[in-house]
Amino acid sequence: MAESVHLDRRGVLFVLSSPSGAGKTTISKKMLGVDPDIALSISATTRPPRRGEVDGKDYHFVDVETFKQMAADGEFLEWAHVFGHRYGTPRARVDELLDAGKDVLFDIDWQGAQQLYQEAGPDVVRVFVLPPTMEELERRLRARNTDSDEVIAARMARAANEISHWDGYDYVLINDDVEACYGAVMAILRAERLKRRRQIGLIGFARDLIRSVPDTDTTIDD
Ligand code: 5GP
């Protein structure tokens, strides 16, 4: 059997956005669990940790002054105000992951997706996950049992706003079945990895394939 071929390729900056409750977290956890070639970008935020969240794993929890300093020092690839707090993507980890040959997964909102696209253009793939209905979204938010009615109402209003930016994405999926939606997300990732311009190792590989065949004179019209 032929040896398997490994070609160098440019990493994908894979953005997964959705209103909270549409299934994005479940999907991103599954992706990270099965595919060692993709790693999560860990954002910095000024919002306080929720129960169970771990500093340095879920987010880097920082105070407003620290965040502002990081922004002033150019440490963020993008940052935005979301739900009254600041959230930003530290540049250093993304660079490290890309240098290590990984793809990077971003759980960021539409503002972040837009800024990242301005920074890194064709390396960015933007995927938006929609809930099947707003009733279902509210049901999922309530099932988490973590938020008051007031917070849920605010999240629903925010969800409607987030959804209005669906057309700033490359792919839009409706999550009426989380397994199917996850399958579609992985299909997108696999296809994007195979794009010719990402497979930088192809140039040498194809050249070697061609050179391995001895030259013959293929002229036929004399
Ligand atoms: P949560 O506070 O529920 O973890 O996140 C609230 C929203 O902030 C989510 O829509 C999430 O995608 C977004 N978010 C998290 N990190 C970042 C970030 O670094 N940049 C941007 N622009 N949005 C983020």
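**Pockets and buried residues in a predicted model**

Gly23 is found in the loop between E1 and H1, where helices (H or I, at least four residues) and strands (E, at least two) are DSSP runs, numbered from the N terminus. The structure is a predicted model, in which local features need pLDDT of at least 70 and side-chain atom pairs count only at pLDDT 80 or more, while totals for chains, interfaces and linings use all residues. Residues are numbered from 1 along each chain as its sequence is written, and side-chain values use heavy atoms, with hydrogens and water left out.

Gly23 counts as buried because its relative accessibility is 15%; buried means under 20% relative accessible area, exposed over 50%, and partly exposed in between (1.4 Å probe, protein chains only). Apart from residues up to four places away in sequence, Gly23 touches Arg140 and Asn175, a contact being heavy atoms within 4.5 Å. Gly21 is also in the loop that runs between strand E1 (13-17) and helix H1 (24-34). With 9% relative accessibility, Gly21 is likewise counted as buried. Its partners, again not counting residues up to four places away in sequence, are Leu137, Arg140, Leu141 and Arg144.

In the unreviewed UniProt entry, a "binding site" covers Ser18, Pro19, Ser20, Gly21, Ala22, Gly23, Lys24 and Thr25. Of these residues, Ser18, Pro19, Ser20, Gly21, Ala22, Gly23, Lys24 and Thr25 are included in the lining of the largest pocket. UniProt positions are given in the numbering used here, feature names are shortened, and annotations may be inferred rather than shown by experiment.

What does this pocket look like? On a 1 Å grid over the protein atoms alone, a cavity is a set of points where a 1.4 Å probe fits but cannot get out, whereas a pocket is an open set with protein on both sides within 12 Å along at least five of seven lines; lining residues have an atom within 4 Å of a point. The largest pocket holds about 1500 Å³ of space. Of its 45 lining residues, those closest to the centre are Thr25, Arg50, Glu53, Tyr59 and Asp107. Two or more lining residues come from each of H1, strand E5 (76-82), strand E6 (85-90), helix H5 (134-143) and helix H6 (149-163). H1 makes the biggest contribution, with six residues. By class, the lining comprises 14 nonpolar, 13 polar and 18 charged residues. Here Ala, Val, Leu, Ile, Met, Phe, Trp, Tyr, Cys and Pro count as nonpolar, Asp, Glu, Lys and Arg as charged, and the others, Gly among them, as polar.

The second largest pocket contains about 300 Å³ of space; for these volumes, grid points are joined across faces, edges and corners, and a volume is the space filled by probe spheres set on the points. Its lining consists of Val5, His6, Leu7, Asp8, Arg9, Asp37, Gly101, Arg190, Arg193, Leu194 and Gln199, with three nonpolar, three polar and five charged residues. His6 sits in the segment before E1 and is exposed, since its relative accessible area is 70%.

Ile152, Arg155, Met156, Arg158, Ala159, Glu162 and Ile163 are buried in H6. The packing partners of these buried residues are E1, E5, helix H4 (110-120), strand E8 (124-130) and H5.

Ser43 and Phe83 both lie in loops between strands, Ser43 between strand E2 (38-40) and strand E3 (44-45), and Phe83 between E5 and E6. Ser43 is buried because its relative accessible area is 8%. Beyond its neighbours within four places in sequence, Ser43 contacts Tyr59, His60, Gly88, Thr89, Pro90 and Ile108. Phe83, at 38% relative accessibility, counts as partly exposed. Most residues other than glycine have a negative phi. Phe83 has a positive phi of about 50° although it is not a glycine.

For the protein chain as a whole, there are eight helices and nine strands, and 41% of the 222 residues are buried. Among contacts between residues at least 6 apart in sequence, 69% join residues at least 24 apart. The unreviewed UniProt entry places "domain: Guanylate kinase-like" at residues 11-190. That span is 43% helix and 22% strand, and its end C-alpha atoms lie 12 Å apart.
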